[in-house]
Amino acid sequence: QVQLVESGGGLVQAGGSLRLSCAASGTILRMNTMGWHRQAPGKQRELVALINEGGTTEYADSVKGRFTISRDNAKNTVYLQMTNLRPEDAAVYYCVLDQIIGGNWWGQGTQVTVSS
């Protein structure tokens, strides 16, 4: 069983910054991908960013250049540093852990609100 504990969500002004954190606990395998998805009201859940155990990253075009994903393998923690936030970034952000042999796991979601 895996638990993903997220933190860092909240309200931020447009143009501001926010950092999300997600710590995984339980049966964590060495080879895994961690990342973030988001879902705004009335919209489909979309990929925001991913990072594998080797540090290879992937970003949605809409956040490229503004968001940075990183991880601490020793802590099984993934971070999302968000800068120059826009109202369109407002959504519930979900942490995800994807293990080749261990299944996919999701956090409970954390609300990010961006005011204009």
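Author: Let's start at the S-S bond between Cys 22 and Cys 95: the torsion about that bond is about -85 degrees, so the disulfide is left-handed. Cys 22 sits in strand S3 and Cys 95 in strand S9 (residues 91-99), so this pair ties together parts that are 73 residues apart in sequence. The two sulfurs are 2.0 Å from each other, and a disulfide here means a pair of cysteine sulfur atoms within 2.5 Å. A disulfide is a covalent bond between the sulfur atoms of two cysteines. The structure holds one disulfide.

Before going on, a word on where this comes from. This is a predicted model, in which local features need pLDDT of at least 70 and side-chain atom pairs count only at pLDDT 80 or more, while totals for chains, interfaces and linings use all residues. Residues are numbered from 1 along each chain as its sequence is written, and side-chain values use heavy atoms, with hydrogens and water left out.

Are the two cysteines buried or exposed? Cys 22 is buried, at a relative accessible area of 0%, and Cys 95 is buried too, with 0%. (Buried means under 20% relative accessible area, exposed over 50%, and partly exposed in between, with a 1.4 Å probe and protein chains only.)

Strands are DSSP runs of E with at least two residues, numbered from the N terminus, and two of them pair if DSSP finds at least two bridges between them. S3 (residues 18-26) runs antiparallel to S1 (residues 2-7), and six bridges join them.

From S8, move along to the loop between S8 and S9, where you'll find Asp 89. The side chain of Asp 89 meets that of Arg 66 in a salt bridge, 2.7 Å from N to O. (A salt bridge is a side-chain nitrogen of Lys or Arg within 4 Å of a carboxyl oxygen of Asp or Glu.) Arg 66 is in the loop between S6 (57-59) and S7 (67-72), so to speak a distant part of the chain, 23 residues apart from Asp 89. Asp 89 is buried, with a relative accessible area of 0%, and Arg 66 counts as buried at 6%.

How many salt bridges does a search of the whole structure find? It finds five. Among them is the one between Arg 38 and Glu 46, 2.7 Å from N to O. Here Arg 38 is buried, at 4% relative accessible area, whereas Glu 46 is partly exposed, at 34%. Another joins the side chains of Arg 86 and Glu 88, 3.6 Å from N to O. Arg 86 is partly exposed at 34% relative accessibility, and Glu 88 is partly exposed at 49%. Through shared partners, salt bridges join Arg 38, Glu 46, Arg 66 and Asp 89 into one network.

Ile 100 counts as exposed, at 66% relative accessibility.

Methods: Helices (H or I, at least four residues) and strands (E, at least two) are DSSP runs, numbered from the N terminus.
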